[in-house]
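Here are some exercises to work through with the model open beside you. Try each task on screen, then follow the solution step by step.

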Amino acid sequence: MGEESPKTPVVAEAHEVDTFHPPQKMLDKHPSKPHLSSLEEYQKLYKQSIENPKEFWGKLARELLYWHKDFDTVQSGSLAGGDVGWFLEGELNASYNCVDRHAFKDPNKVAIIYEADEPGEGRQVTYGELLRDVSKLAHVLKSMGVKKGDTVAIYLPMIPEALVALLACSRIGAVHSVVFAGFSADSLRDRVIDGNSKVVITTDEGKRGGKLIGTKKIVDEALKQCPDVTNVIVYKRTGAEIPMTEGRDVWWHEEVEKWPSYCPPTLVNSEDPLFLLYTSGSTGKPKGVMHTTGGYLLGAAATGKYVFDIHDGDRYFCGGDVGWITGHTYVVYAPLLLGVSTVVFEGTPAYPNFSRYWDIIDEHKVTQFYVAPTALRLLKRAGNQHVKNEMKHLRVLGSVGEPIAAEVWKWYFEIVGKEEAQIVDTYWQTETGSNVITPLAGVTPTKPGSASLPFFGIEPAIVDPVSGEEIHGNDVEGVLAFKQPWPSMARTVWGAHKRYMDTYLNVYKGYYFTGDGAGRDHEGFYWIRGRVDDVVNVSGHRLSTAEIEAALIEHNSVAEAAVVGVADELTGQAVNAFVAIKNGTEVNDALRKDFILQVRRSIGPFAAPKAVFVVPDLPKTRSGKIMRRILRKILAGEEDQLGDISTLSDPSVVGKIIEIVHEAK
Ligand code: 6R9
């Protein structure tokens with residue numbers, strides 16, 4: 001592993017692209033006006049944020065967040081030292097900032113618009129109700145012995161209780177560790193153990209796209225190997241018959257009844273952890289990315305305000321799942337910090353039909369919509385007849401998670417937005433906490449396929465991956481790094497600070513390394529080219545090839561495995577696996593299916609390989625490193641560009657693999 005990283009990104013051909021300005025019709029229907037008046041104002045503020053970050057962020061932190069105790073030191077530490085801290089003496093509480101201050105002002109304001117999987121079965125939760133729900137669950141957690149700094153694992157579908165659970169943790173200073181409810185029992189187990197969670201919150205079942213998901217069953221399976229978990233709180237979502245383990249499992253509705261409707265927030269230091277979120281990296285073991293309170297919340301609030309141009313009275317709909325960073329920052333924290341209504345959607349864009357998103361947007365007069373291109377590709381392909389809706393309140397259409405192709409961008413703009421909403425292609429990562437390269441709605445001109453310009457405080461550098469030198473000027477290509485710390489950057493990898501340093505801060509000393517290739521065009525606009533490490537992006541889900549390989553190797557018949565990402569029309573990238581089996585194993589379709597099942601079981605259905613090639617051996621260097629680059633070339637049909645394969649320990653395997661791939665196609 002790692003033999004080819006960092007890889008040199010492909011240099012894009014220079015081409016003329018259209019520039020789109022914030023549509024006049026968007027400004028016409030605006031309830032007031034965008035927060036910034038012009039691109040020049042952005043440029044002026046941006047300059048301040050880079051030249052005088054402490055003044056810039058200190059002011060914004062006091063404007064956007066409520067501090068129970070003010071801070072003196074805006075920022076300390078450095079990227080090189082890996083010891084960055086923000087708002088050091090400050091004390092605050094995340095749930096107070098997201099709930100109480102809005103509930104005190106107007107308890108009847110809608111906080112959550114819940115759209116259940118079945119249309120018509122949703123409900124709304126006001127800020128006043130949210131404060132009560134969060135308080136009650138906070139008491140329940142306290143009664144179970146959860147204290148400030150303890151980790152709580154959350155394995156919940158997209159229901160309002162997911163938000164209640166996150167906020168209840170932060171209310172008592174506990175650290176939430178959400179595990180996407182599509183992860184398998186094994187993945188959940190690993191995350192519960194690594195995060196040292198003593199309490200798990202789940203549902204009896206989940207419901208998505210008309211299908212039931214046995215969440216509690218998966219939790220039970222996972223917890224067989226988690227002896228330290230003392231309690232499981234189960235929210236009744238479907239009413240299914242499920243076994244409850246005496247002394248460990250409790251029903252949410254029964255527990256909350258016992259406690260008062262107000263629980264005072266526990267103040268935490270700005271640098272106390274707010275949450276862990278596991279993400280895939282270059283190695284097999286997922287990383288528990290840790291975010292702290294003050295800086296993360298500021299990143300969420302500031303990008304909500306300026307990127308999405310959120311105004312009081314807006315109804316914000318992010319289609320991301322709370323199991324990923326997009327759900328954390330833009331379903332939960334950004335809209336609630338700004339006191340607007342957030343749509344929580346339990347279902348899928350294709351159920352009961354391809355108009356589901358658009359129906360939701362119309363029904364709730366959604367003003368900002370935010371989704372991954374993979375969903376847009378699916379809906380575009382389904383046909384424009386499904387987009388009859390007017391959606392006349394839409395002002396901002398966001399894209400996230402993967403590059404958006406120009407034709408999908410244009411479809412989003414013309415067919416969904418009727419040219420009355422601005423597209424914001426937001427580039428960021430679990431580790432950056434909030435958008436880092438992105439247009440500001442109402443302000444930044446956009447080019448389809450470009451994430452455009454850096455957000456405040458982000459000083460991008462294009463670095464030559466070979467020399468490690470920064471490449472100055474425009475019209476350049478390289479890997480993307482950042483030169484200054486920003487408030488919402490991850491502070492560490494849970495229990496593995498050295499890994500954090502080695503992955504992000506030691507690669508190019510003094511810089512934060514993103515792992516993405518990028519270009520800066522003649523006007524200073526950024527174009528994200530994709531990962532240069534062993535991370536693949538399937539339907540906007542971030543997967544590690546090494547993690548999938550590790551899953552395959554667990555199978556009895558597998559000797560070795562190599563996984564690569566290949567371009568896929570629908571999912572962006574797809575997982576293809578090459579498996580060398582142990583001697584004497586019979587090769588047939590059942591075996592291939594079994595390998596796919598192995599990955600589903602070990603990680604989750606979304607990581608399942610699209611194709612499995614059973615091969616006699618893998619192409620390896622003499623020192624035993626698997627040459628995934630050769631496999632990628634073969635899949636791309638570029639056998640004539642394999643380069644020098646004579647250095648392989650057995651060059652003849654290449655021909656055999658080519659034959660097997662051809663046969664399968
Ligand atoms: C938010 C999120 C991060 C990786 C990132 C990059 C890719 C995200 C993108 C984008 C092109 C965009 N990515 N946004 N690529 N354009 N607008 O997705 O976080 O799951 O951690 O993934 O996703 O490759 O490095 P995460």
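**Exercise 1. A residue in an edge strand**

At 31% relative accessibility, Arg529 counts as partly exposed, where buried means under 20% relative accessible area, exposed over 50% and partly exposed in between (1.4 Å probe, protein chains only). A word on the ground rules: this is a predicted model, in which local features need pLDDT of at least 70 and side-chain atom pairs count only at pLDDT 80 or more, while totals for chains, interfaces and linings use all residues. Residues are numbered from 1 along each chain as its sequence is written, and side-chain values use heavy atoms, with hydrogens and water left out.

Task: find which strand holds Arg529 and which side chain its own side chain contacts.

Solution. 
- Step 1: Arg529 sits in strand E26; helices (H or I, at least four residues) and strands (E, at least two) are DSSP runs, numbered from the N terminus.
- Step 2: The side chain of Arg529 makes a polar contact with that of Glu477, at 2.5 Å. Such a contact is a pair of N or O atoms within 3.5 Å; within protein, one must be able to donate a hydrogen and the other to accept it, and residues adjacent in sequence count only if both atoms are side-chain atoms.
- Step 3: Asp516 is 13 residues from Arg529 in sequence, and their C-alpha atoms are 6.8 Å apart in space.

**Exercise 2. The sheet around it**

Task: work out in what order the five strands of the open sheet run, and why one side of E22 and of E26 is left without a neighbour.

Solution. 
- Step 1: The order is E22-E21-E23-E25-E26, with antiparallel pairing; two strands pair if DSSP finds at least two bridges between them.
- Step 2: Strand E22 (470-471) and strand E26 (526-531) are at the edges and have a single partner strand each, so one side of each lacks a neighbour in the sheet.
- Step 3: Inside the sheet, E21 (residues 460-463) and E23 (residues 476-482) are joined by four bridges in the antiparallel sense. Pro460 has Phe482 of E23 as its bridge partner.

**Exercise 3. A hairpin**

Task: decide which residues of strand E27 point one way and which the other.

Solution. 
- Step 1: In a regular strand the side chains alternate between the two faces of the sheet.
- Step 2: In E27 (residues 535-538), Val535 and Asn537 point one way, Val536 and Val538 point the other way, and all are buried.
- Step 3: E27 pairs with strand E28 (residues 541-544) over four antiparallel bridges, and Val536 has Leu543 as its bridge partner.
- Step 4: Two residues lie between the strands of this hairpin, where Ser539 takes a positive phi near 50 degrees.

**Exercise 4. One side of a helix**

Task: list which residues of helix H18 are buried and find what they pack against.

Solution. 
- Step 1: In H18 (residues 628-635), the buried residues are Arg628, Ile630, Leu631, Ile634 and Leu635.
- Step 2: These residues span an arc of only 155 degrees around the axis (taken from the directions from the helix axis to the C-beta atoms), which puts them on the same side of H18.
- Step 3: An α-helix has 3.6 residues a turn, so residues three or four places apart point the same way.
- Step 4: The buried residues of H18 pack against elements including helix H16 (545-553), strand E29 (558-568) and helix H19 (652-664).
- Step 5: Just after H18, Gly637 takes a positive phi of about 70 degrees.

**Exercise 5. Rings and a charge**

Task: count how many aromatic pairs the structure holds, then classify two of them.

Solution. 
- Step 1: There are 44 aromatic pairs. Rings of Phe, Tyr and Trp (its six-membered ring) pair if their centres lie within 6.5 Å; planes under 30 degrees apart count as stacked, over 60 as edge-to-face and the rest as tilted.
- Step 2: Tyr96 and Phe104 are 6.2 Å apart centre to centre, with 65 degrees between the planes, and form an edge-to-face pair.
- Step 3: Phe180 and Trp324 have ring centres 4.7 Å apart and planes at 35 degrees, so this pair is tilted.
- Step 4: Phe180 lies in the loop between strand E7 (175-178) and helix H7 (185-195), and Trp324 in the loop between strand E16 (315-318) and helix H11 (325-337), so the pair ties together parts 144 residues apart in sequence.
- Step 5: Arg191 lies over the face of Phe183, 4.2 Å from the ring centre; the criterion is NZ of Lys or CZ of Arg within 6 Å of the ring centre and within 35 degrees of the ring normal.

Terms used:
Contact = heavy atoms within 4.5 Å.
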